[in-house]
Amino acid sequence: MSDLYNVVLKYTLQNSIKFKGNPNPKAIMGKILGENPDLRKKAGDVSKTINTVIDEIKNLSLEEQQQKLKELAPELLNNAPVQRKKKELQLKNAEQNKVVMRFAPNPSGPLHLGHARAVVLNDYFKEKYNGKLILRLEDTDPKRVLPEAYDMIKEDMEWLGVKIDETVIQSDRLPIYYEYGTKLIEMGKAYVCNCDSDEFRELRAKGIPCKCRDNEINVNLDLWEKMLNNEINNVVVRLKTDIQHKNPSIRDFPIFRIETTPHPRTGTKYHVYPLMNLSVCIDDYLLGLTHVLRGKDHIVNTEKQKYIYNYFNWNMPEYIHYGILKIDGPILSTSKMHQGIKEGEYSGWDDPRFGTLRALKRRGIKPEAIYKSMVDIGVKQSDVKYSWENLHAINKDIIDKDARRFFFVECPKKLIISGVDNTVLNLRMHPSREDLGTRELIFNGNIYVSEKDNIEQGKMYRLMELYNIVIEKVENNVIYGKYHSDDFKIAKENKAKIIHWIPIEGAIPTTVINTNGEEIKGYSEKDFSVVNVDDFVQFERFGFVRVDKKEKENNNIVCYYTHN
């Protein structure tokens with residue numbers, strides 16, 4: 001091996017181990033050129049060698065990579081997986097056995113990745129302090145309720161491994177909110193307002209009270225009674241705050257409104273509904289919440305709710321506001337998902353284009369991986385971009401040890417090779433687990449290769465686990481080649497691309513659905529038939545997939561793409 005190859009190999013192995021099997025070519029290049037400035041003139045050769053080495057080690061387990069680096073450069077192995085001790089998450093003013101947390105979603109659909117942060121962190125602290133976790137379903141806006149979501153949310157939490165100690169549904173608690181609404185009016189801290197919304201908005205912007213603010217308490221109580229009896233419309237109940245508060249949205253904000261849309265659970269029994277800042281405040285107090293985790297977009301709501309706490313002389317829970325979690329890629333809008341499902345654009349709540357927990361589950365993301373990724377993010381006040389790379393690395397650690405290896409050829413083309421004898425290959429199902437057995441590939445010169453390998457006439461290629469061939473011609477969409485040699489060194493010298501393949505005989509039709517919902521058609525080797533639904537496998541040089549279904553009528557196996 002050349003000196004350059006050895007240099008590239010050791011730094012590539014170090015980088016791959018550090019990032020749990022996901023080497024970063026740019027980082028490797030920077031490391032090599034930074035510590036070997038004499039190689040800068042050969043940057044092109046370094047880059048090509050990096051790509052070659054990454055391709056060579058891709059199918060090695062982390063244990064095998066560590067062993068190889070130990071033999072080559074043990075001094076790098078000690079520094080390869082840089083582990084930083086993470087500060088353990090804490091709750092301010094938390095006491096063992098006394099912490100009460102809540103997760104409070106709107107039942108408009110199943111949980112998605114954005115919800116997972118709140119679910120996981122609430123559960124984490126509940127377990128840490130041996131406390132209590134309440135699931136509170138905030139369904140006081142009938143227009144935003146999906147009936148099946150009540151059960152879906154509980155199922156999603158169970159899948160995540162989160163145990164609920166108590167479930168509270170706000171639509172069951174309307175009389176409680178009415179009781180406290182009445183008290184606020186009796187205290188002179190709230191009033192019924194029938195002002196035009198645009199008119200009130202203009203007055204509020206100027207810090208001027210509306211005409212309803214000075215109504216007598218008995219007048220407000222009478223109007224409130226008429227609201228509850230469905231005798232008046234187009235009114236709201238407002239909480240009296242500082243009418244000249246520096247933030248106009250806090251000035252006399254509404255706490256009750258009329259909504260005539262029938263509720264999925266209570267029908268037309270109620271038509272006066274509390275707004276979030278009232279119902280949340282009352283429930284947090286009555287349910288004994290000690291700590292509330294919420295996004296920093298709720299900071300203004302926390303300030304609004306302080307008025308209610310102060311009016312009733314209640315102690316506020318500890319409110320912890322964390323930064324926004326920016327999630328690129330999947331669809332997270334529940335309304336957009338629901339509309340698309342109804343219109344047939346998406347297959348269901350587990351469509352791979354979605355960021356729902358159900359979609360991630362179908363793709364093959366394990367709940368433990370999601371849980372750990374959210375704990376790693378923690379409760380930082382700064383905004384943070386969600387790292388799919390981190391999630392995939394954690395998930396790979398979980399599934400890799402059990403995932404059997406197979407060849408899968410997408411966009412298959414026939415390749416007929418002359419000058420060869422029939423060969424039977426027995427390959428291990430897993431590079432580091434003999435107990436998972438072997439698989440058999442019977443090579444007779446007629447194979448499938450992928451169109452994506454861009455095989456060209458006159459070029460040499462290395463068939464993975466086999467030998468070197470040279471392409472003679474491409475005719476009628478069939479590729480013809482001939483045997484050249486066995487030695488891998490010859491392939492390296494000729495810069496031959498390594499390609500995987502499967503025998504045509506016994507090939508199993510296989511469909512992989514990717515994260516864009518697209519179907520990738522191809523064939524897998526005959527022994528892929530041993531897999532069961534929900535198995536995780538690694539298609540070599542393609543990625544990890546989860547087996548979704550085995551179709552008996554056409555012998556097709558459908559898989560969902562997980563990640564590299």
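Predicted model: local features only at pLDDT ≥ 70, side-chain atom pairs only at ≥ 80, totals over all residues.
**Exercise 1. Find which elements cover the buried residues of α7, then identify those residues.**

Next, go along the helix itself. In α7 (residues 149-159), the buried positions are A149, Y150, M152, I153, D156, M157 and W159.

Finally, step past the helix to G161, which follows α7 and has a positive phi, near 85 degrees.

**Exercise 2. Work out which parts of the chain the aromatic pairs F406–F528 and Y467–Y483 tie together.**

*Solution.* Searching the whole structure gives 24 aromatic pairs. One of them joins F406 and F528 edge-to-face, with 5.2 Å centre to centre and 70 degrees between the planes. F406 belongs to strand β12 (residues 404-406), while F528 is in the loop between β24 (519-524) and β25 (536-539), so this pair ties together parts 122 residues apart in sequence. Both F406 and F528 are buried.

Y467 and Y483 also pair edge-to-face, at 5.0 Å centre to centre and 90 degrees between the planes. Here Y467 is in the loop between β18 (460-463) and β19 (468-475) and Y483 in strand β20 (residues 478-485), so the parts tied together are 16 residues apart in sequence. To classify the two, compare with the 20% cut-off for buried: Y467 has 8% relative accessibility and counts as buried, whereas Y483, at 31%, is partly exposed.

To finish, return to F406 and F528: ring pairs link them with F408, F539, F542 and Y561 into a cluster.

**Exercise 3. Sort the side chains of β24 by face, then place the strand among its partners β13 and β23.**

Second, the partners. β13 (residues 408-410) pairs with β24 in the antiparallel sense over 3 bridges, and V409 stands opposite Y523. β23 (residues 508-513) is also antiparallel to β24, joined by 6 bridges, with T510 opposite G522.

Third, the turn: the hairpin of β23 and β24 has 5 residues between the strands, and G517 there takes a positive phi near 80 degrees.

Conventions. Residues numbered from 1 in each chain as written. Heavy atoms only, no water. Buried < 20%, exposed > 50% of the residue type's maximum accessible area, 1.4 Å probe, protein only. Helix = DSSP H or I, 4+ residues; strand = E, 2+ residues; numbered from the N terminus. Contact = heavy atoms within 4.5 Å. Phe/Tyr/Trp six-rings, centres within 6.5 Å; stacked < 30°, edge-to-face > 60°. Pairing = 2+ DSSP bridges.
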